Amino acid sequence: MPEPTDAVAEPLCASADLAERGRAFVWDVVVWRQPARAFALRFDGRVVAYLNRCAHVPTEMDWQPGEFLDQDRRWILCSIHGAAYEPADGRCVGGPCGRGRLMAIATEERDGQVYWYPSRDVQPVPFDAPPPERFP
Ligand code: FES
């Protein structure tokens with residue numbers, strides 16, 4: 001899991017919005033100048049966040065918006081071909097993702113608020129960006 005850098009923390013959601021092994025908070029980001037989505041969820045008390053992009057085929061993984069965990073709430077499961085990922089660190093643990101892993105996004109939780117940290121690869125959507133459908 002990446003550690004926060006000297007990047008400015010971006011507010012994400014209230015801590016209370018992330019129930020243990022519950023629905024994820026999904027938000028828009030820019031990855032390598034392309035629009036994408038990321039998600040954050042709480043697992044074993046800790047907030048983890050990843051790019052919503054499977055390591056098998058670069059597609060979004062949630063089977064319903066914000067629903068990434070399997071029926072037992074143990075693994076992050078890709079809804080397309082069933083790749084399973086360890087929620088704690090994003091590594092593939094089964095299925096067609098091989099030795100791949102999810103792209104982790106650094107988060108921090110303090111004073112009842114969750115923040116994420118942009119990196120060289122994952123940036124916030126510019127304030128004046130067009131809606132994601134038309135984003136170049
Ligand atoms: S696209 Fe995720 S397992 Fe194939």
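Visitor: How many helices and strands does the chain have?
Guide: Zero helices and 10 strands, in a model that is predicted. Read along the sequence, that gives β-β-β-β-β-β-β-β-β-β.

Visitor: What makes residues 113-116 count as strand 9?
Guide: A strand is a DSSP run of E with at least two residues, numbered from the N terminus. Residues 113-116 make up strand 9, so they are such a run.

Visitor: Why do we say that strand 8 and strand 9 pair?
Guide: Pairing takes at least two bridges. Strand 8 (residues 107-110) and strand 9 have four bridges, so they pair, and the sense is antiparallel.

Visitor: What lies between strand 8 and strand 9 in their hairpin?
Guide: Two residues. Asp111, in the turn, has a positive phi of about 50°.

Visitor: How do you know that strand 1 pairs with strand 9?
Guide: Check the bridges again: strand 1 (residues 10-14) and strand 9 have four, and the cut-off is at least two, so they pair, in the antiparallel sense. Glu10 stands opposite Trp116 in strand 9.

Visitor: Which residues are on the covered face of strand 9, and which on the uncovered one?
Guide: Val114 and Trp116 are on the covered face, while Gln113 and Tyr115 are on the uncovered one.

Visitor: What share of the chain's residues count as buried?
Guide: That's 25% of the 136 residues.

How values were computed:
Residues are numbered from 1 along each chain as its sequence is written. This is a predicted model: local features need pLDDT of at least 70, side-chain atom pairs count only at pLDDT 80 or more; totals for chains, interfaces and linings use all residues. A residue is buried if 20 or more other C-beta atoms lie within 10 Å of its own, exposed if 12 or fewer, and partly exposed in between; C-beta atoms are placed from the backbone.
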